[in-house]
Structures are given as C-alpha cells and as structure tokens.
Amino acid sequence: MKKSILFVDDEPKVLEALQRSLRPMRREWDMTFADGGAKALEVLAAKPVDVIVTDMRMPGMDGCRLLAEVRTRHPRVVRIILSGHSDRETILKSVGPAHQYLPKPCDTETLKTTIARACALRALLTDESLVQVVSRVESLPSLPSLYSEVVRELESPYGSIQKVEQIISRDLGMTAKILHMANSAFFGLPQHVSSPARAVRLLGLETVKALVLTVQIFSQFPEARLPGFSIEDLWHHSMTTGVFAKKIAKEEKQDPHALDDSFMAGLLHDIGKLVVLANFPDRYGEILHRVRETGASMWESEQAVLGSTHAQVGAYLMGLWGLPDSIVEAIAYHHCPQDCLGRSFSSLTAVHAANAFAAHAPRREEMEGIPHLRMDYLEALQLAHRVPRWREICGELTREEDAP
Ligand SMILES: [Fe+2]
Ligand SMILES: [Fe+2]
C-alpha cells in the first residue's frame with residue numbers, strides 16, 4: 001500500500017520545488033501539498049497520513065503549533081520539521097512536538113531517505129494503539145539519583161561538560177534522548193552519532209543545559225515499583241550487553257565506527273522495556289506476572305499481552321528519533337536475528353550473542369547450550385564456530401568485573 005506523505009509550506013515556490021524533485025516517488029508515495037497549518041489539519045481530518053513534513057515559520061499557525069496539534073489529534077503520524085530558520089530558540093521549541101528536524105536547503109536524497117525510514121518503521125509495530133502511544137513519547141524515565149545529579153551539575157556555575165557526559169552515559173533514558181538530539185539534525189550536527197559523550201560534546205554545555213533545564217528532555221523514574229522489576233538490573237544487563245557486544249565486534253575485526261555502534265546497540269537493546277514500563281505500567285505488571293506463572297520468556301509474554309515485543313517497541317521509538325539504522329536494526333531483531341535480511345556479521349550479530357551471554361553469565365565452566373542463542377542464524381552466517389571464542393572473551397570480562 002502507498003504511504004501517504006503531507007508537505008506543508010506557506011511559500012508556493014517551495015511546495016512546487018518539492019513536488020518537482022519528489023516526482024519519481026509518486027509510485028510509492030501518495031503526496032499532498034498544503035499551503036498552511038489550517039489546510040494541513042483539514043487534510044489530516046479527511047484521510048490517513050503516515051508522515052508530515054512542515055516548514056517552521058508560517059503565518060497564522062507555525063510549524064511547532066501545527067505539529068503539537070497533530071501530536072494530539074493524530075498521534076500516529078511521524079512529525080518532521082523542514083526549516084531554513086535555525087535560531088536556537090525556534091529549534092528548542094520544536095524539540096518536543098517534532099520527531100525529527102531537517103535543515104533547509106535539504107537535498108532530495110536526505111529528504112527521501114528520512115521519509116522512507118520513517119515509513120519503514122510502520123512494519124515494526126502493527127498494533128494501532130501502541131503506535132499512537134509510542135509516537136507521543138518525548139522522554140524516557142531516568143534513575144532519580146542520576147537525574148538529580150545531572151540537573152545539579154547543569155545548574156552549577158562550575159558545571160563541567162565531562163561530568164555531564166559521565167552522568168548521561170550512565171543512564172539509559174538520558175543516553176537515548178541525547179542521541180535523539182544529536183542524530184536528528186535539530187542542531188545541525190553531523191548525523192550518525194553513536195556515543196552519548198560525543199553527542200554531549202557536539203551539542204555543547206549551553207545547549208544541553210537549555211535542553212535539560214528549560215525544554216526538560218529528561219524525566220525521572222516514578223517511585224512506584226513493580227514486583228519483579230528493577231531498573232538497576234535492567235541498567236546492569238544493558239551495560240553488560242553493550243560491553244560484550246563491543247568486545248565481540250572487536251574480535252571480529254570490525255572498524256571503530258562499528259564498535260561504537262555495537263556498544264550503543266547493546267546498551268539500548270532493551271530500551272523498549274522502559275517505554276512499555278513508563279507508558280503501560282499495568283500491562284507491564286501483567287507481562288511480569290505471566291513470565292512468573294507460565295515460565296514463558298519476557299518477549300513471548302509481551303507478544304501475548306501487548307501484541308508486540310519490547311524489541312519492536314524500542315526499535316520503533318529509536319527509529320522515530322532518527323538513531324542510525326544499524327542500531328535500530330540490532331534493537332528490533334536482537335531476539336530473532338534470523339528474521340533480518342542481513343547475512344554478514346553486524347551490530348545485530350554482536351548484540352544477539354552479547355544479550356544471550358549477559359543473561360547467562362558466560363563463564364568457561366558453563367559452556368553447554370545457551371538459551372536464546374540462535375545457532376541456526378549463526379550457522380547461516382558461518383559464524384557458529386566463533387561462539388566458544390566470543391564466550392571466552394566475554395567470560396574474561398565478567399571475571400575481571402568480579403575480581404576484588
Ligand atoms: Fe531483549
Ligand atoms: Fe536483553
């Protein structure tokens with residue numbers, strides 16, 4: 001089925017240029033061009049739209065107001081700003097309502113790729129109510145202690161950027177959000193940033209300060225606890241998976257860029273659990289109950305209760321936020337890598353193995369079968385014989401960590 005894309009700009013010449021340059025896409029996309037916010041809302045009320053791409057400064061209703069309206073009335077629509085006005089205040093205003101930001105002039109290829117990626121995400125989540133909720137998510141909860149620490153550091157006249165980098169790198173929610181800011185061109189940074197420390201450095205202390213203290217891109221984890229869930233355990237498992245994935249990728253002689261991607265994909269692979277927990281606490285409780293009662297795995301129970309898994313939910317949100325494809329893919333398929341089309345070693349391979357090892361302490365004395373490791377997938381990649389070596393190096397890391 002054709003995807004429906006809505007372009008909004010008050011300048012007829014800009015709309016004409018878009019129409020001309022995107023003509024080759026008309027077989028795949030049903031494109032509508034609106035000359036203002038009011039017209040765009042009329043289009044949205046009349047037919048389903050998958051992606052909206054809007055200018056920022058328009059008379060009457062500006063792009064931010066339009067997208068805030070779209071978020072409320074049509075939450076499933078992917079919201080992208082395409083703007084030539086890049087003053088900081090305007091950009092900061094757009095961080096909440098927009099999923100992604102593209103600077104004008106934007107080359108046709110970038111525009112096409114960004115829209116195509118947003119459309120492809122739809123295949124990950126089929127449940128409409130889940131799509132609506134996840135598309136509205138603006139932040140992921142952070143550990144209260146780390147949240148207070150980063151706010152204190154940013155409020156202090158002596159705040160240091162290194163300290164801020166360290167705090168953000170220790171929290172899943174903050175890491176994901178800061179990568180969102182760096183990977184979608186809100187602040188005109190080079191895309192494909194896979195390290196939170198680099199993201200903070202590129203954004204600069206003043207921008208991070210404005211984002212955290214004024215725009216409030218981070219939020220705190222509510223005090224209420226679910227029996228059987230610990231945010232600290234999730235953090236520990238995520239960090240271990242990230243470290244293992246990087247080690248495995250290094251063992252397979254991947255380039256430095258791929259090592260960073262593997263680490264970040266490992267760190268974020270279970271981010272969907274945070275999304276579900278923060279937005280569907282009751283259903284999360286039901287999922288945990290099912291795991292305890294039936295012995296089914298977490299993702300099987302999620303499939304039964306939610307109709308989707310934390311892998312799909314996490315990948316969907318990270319994709320909406322413009323994180324690199326390699327990371328989104330590794331998150332989406334970390335439990336079922338055989339469903340991914342890629343047939344060579346990738347961040348997905350590293351994260352799949354790392355996750356299995358992290359869940360089952362990979363000591364050398366426990367070399368028997370590892371649950372959740374898809375040997376059929378690894379055999380298809382002709383990598384099954386590498387598993388003992390990967391286990392060995394990850395086991396060494398675990399022993400180093402346990403050493404007094
Ligand atoms: Fe998982
Ligand atoms: Fe995991």
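Analyst: The questions and answers below concern a predicted model.

User: Into which domains is the protein chain divided by the domain assignment?

Analyst: The domain assignment places residues 3-122 in one part, 144-220 in another and 231-402 in a further part. These parts are named, in that order, domain 1, domain 2 and domain 3.

User: How many residues of domain 3 are in contact with domain 1?

Analyst: The centres of domain 1 and domain 3, taken over C-alpha atoms, are separated by 34 Å. On the side of domain 1 that touches domain 3 there are two nonpolar, two polar and one charged residues. Five residues of domain 1 take part in the contact, and the number on the side of domain 3 is five.

User: Which strands stand at the edges of the open sheet?

Analyst: The open sheet has five strands with parallel pairing, in the order S2-S1-S3-S4-S5. A strand at the edge has a single partner strand, so one side of it is left without a neighbour in the sheet. The strands in this position are S2 (29-34) and S5 (100-103).

User: Which residue in S4 stands opposite threonine 54?

Analyst: Strand S3 covers residues 51-54 and strand S4 covers residues 78-83. These two strands pair in the parallel sense over four bridges. Opposite threonine 54, the residue in S4 is isoleucine 81.

User: Are H2 and H3 roughly parallel or roughly antiparallel to each other?

Analyst: Helix H2 (residues 37-46) and helix H3 (residues 63-73) have axes that come within 10 Å and cross at roughly 20°. Angles under 35 degrees count as roughly parallel. The helices H2 and H3 are therefore roughly parallel.

User: How many charged residues are in the contact of H2 with H3?

Analyst: Gly37, Ala40, Leu41 and Leu44 in H2 meet Arg65, Leu66, Glu69, Val70 and Arg73 in H3. By class, the contact of H2 with H3 has five nonpolar residues and one polar residue, and the number of charged residues is three.

User: What is the value of phi for lysine 253?

Analyst: Lysine 253 has its place in the loop between helix H12 (231-251) and helix H13 (256-268). Its phi is positive, in a residue other than glycine. The value is near 55°.

User: Are H12 and H13 roughly parallel or roughly antiparallel to each other?

Analyst: The axes of H12 and H13 come within 7 Å, and their crossing angle is roughly 155°. Angles over 145 degrees count as roughly antiparallel. The helices H12 and H13 are therefore roughly antiparallel.

User: Is the crossing of H12 and H13 left-handed or right-handed?

Analyst: These helices, H12 and H13, have axes crossing at roughly 155°. The handedness of the crossing of H12 and H13 is right-handed.

User: How many nonpolar residues are in the contact of H18 with H19?

Analyst: The axes of helix H18 (residues 325-332) and helix H19 (residues 347-359) come within 8 Å and cross at roughly 35°. Ser326, Ile327, Glu329 and Ala330 in H18 meet Ser347, Leu348 and Val351 in H19. Two residues of this contact are polar and one is charged, while the number of nonpolar residues is four.

Methods
Residues numbered from 1 in each chain as written. Chains lettered and ligands numbered in written order. Predicted model: local features only at pLDDT ≥ 70, side-chain atom pairs only at ≥ 80, totals over all residues. Axes fitted to C-alpha atoms, helices over the stretch in contact; angles between N-to-C directions. Parallel < 35°, antiparallel > 145°, perpendicular 65-115°, else oblique. Contact = placed C-beta atoms within 7 Å. Nonpolar A, V, L, I, M, F, W, Y, C, P; charged D, E, K, R; others polar. Pairing = 2+ DSSP bridges. Domains from an automatic or database assignment. Left-handed = near helix turned anticlockwise from the far one by under 90°.
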